[in-house]
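Please examine the sequence and the model before reading each solution.

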Amino acid sequence: MSYDQQYSHEFALPTAGVQLNHTAIYASDRHLSAEFLAAVLGLKVGAPFGPFLPIDLGNGVTLDYYEKRDEPIQSQHYAFLVPDEQFDAVITRLEVVGVTYYADPSHTEPGQINRLFGGRGAYFDDPDGHNMEVMTRPYVRP
């Protein structure tokens, strides 16, 4: 019996009320990484909040950059849904700062975008090697 089958009835909550509020992104230099992503996405870095340097996204989620210099940064994947009319500006900003973007998450198609699910998308690395994605349409899930 799976965990879901065994325990889901005991802890069932309505999913409509569950939202991601914030997440920490580890960076070797929180200022550099936060400023990089904010510039690419056309956002602003907020005032420091304790050890965190926040970027507020348009859906109420905050990315809290946390500096971690004592060990290597483990690469993570972050995907950002951007309005179609802002996608070209994001690609232009990447080109201006000399960051290569790719059509695929494995970074084998440089300088290309994808057209998944009727939208447009691209992948790029941030200063610590996090695999960032911008897309104009959410993925269609089964």
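**Exercises with worked solutions**

The model is predicted.

**Exercise 1.** Determine whether Val140 is buried or exposed.

*Solution.* The relative accessible area of Val140 is 59%. The cut-off for an exposed residue is over 50%. Val140 therefore counts as exposed. Val140 is found in the segment that comes after strand S6 (131-135). On the surface, Val140 forms a nonpolar patch with Leu116 and Phe117, and together these residues have about 280 Å² of accessible area.

**Exercise 2.** State how many helices and strands the protein chain contains, and give their order.

*Solution.* The protein chain has three helices and six strands. Along the sequence they follow the pattern α-β-α-β-β-β-α-β-β.

**Exercise 3.** Describe the burial, surface and contacts of the protein chain as a whole.

*Solution.* Begin with burial: 35% of the 142 residues count as buried. Next, the accessible surface comes to about 9100 Å², and carbon and sulfur atoms account for 53% of this surface. Finally, take the contacts between residues at least 6 apart in sequence: 51% of them join residues at least 24 apart.

**Exercise 4.** Classify the ring pair of Tyr26 and Tyr66, and locate both residues.

*Solution.* There are four aromatic pairs by the ring-centre rule. In the pair of Tyr26 and Tyr66, the ring centres are 5.9 Å apart and the planes stand at 65°. Planes over 60 degrees apart count as edge-to-face, so the pair of Tyr26 and Tyr66 is edge-to-face. Tyr26 belongs to strand S1 (residues 22-27) and Tyr66 to strand S3 (residues 62-67); the pair links distant parts of the chain, 40 residues apart. Tyr26 counts as partly exposed at 39% relative accessibility, and Tyr66 counts as partly exposed at 31%.

**Exercise 5.** Carry out the analysis for Phe36 and Phe124.

*Solution.* The rings of Phe36 and Phe124 are 6.2 Å apart, centre to centre, with 65° between the planes, and the pair is edge-to-face. Phe36 lies in helix H2 (residues 30-41), and Phe124 lies in strand S5 (residues 121-125), so the pair ties together parts 88 residues apart in sequence. Both Phe36 and Phe124 are buried.

**Exercise 6.** Identify which residues form one aromatic cluster with Tyr26, and which charged end sits over the ring of Tyr26.

*Solution.* Tyr26, Phe52 and Tyr66 form one aromatic cluster. The charged end of Lys68 sits over the Tyr26 ring, 4.0 Å from the ring centre.

Notes. Residues numbered from 1 in each chain as written. Predicted model: local features only at pLDDT ≥ 70, side-chain atom pairs only at ≥ 80, totals over all residues. Heavy atoms only, no water. Patch = residues over 30% accessible without salt bridge, like charges linked within 9 Å, V, L, I, M, F, W, Y side chains within 5 Å. Areas by Shrake-Rupley, 256 points an atom, 1.4 Å probe, with all protein chains shown as cover. Salt bridge = Lys/Arg side-chain N within 4 Å of Asp/Glu carboxyl O. Helix = DSSP H or I, 4+ residues; strand = E, 2+ residues; numbered from the N terminus. Buried < 20%, exposed > 50% of the residue type's maximum accessible area, 1.4 Å probe, protein only. Contact = heavy atoms within 4.5 Å. Phe/Tyr/Trp six-rings, centres within 6.5 Å; stacked < 30°, edge-to-face > 60°. Lys NZ or Arg CZ within 6 Å of the ring centre and 35° of its normal.
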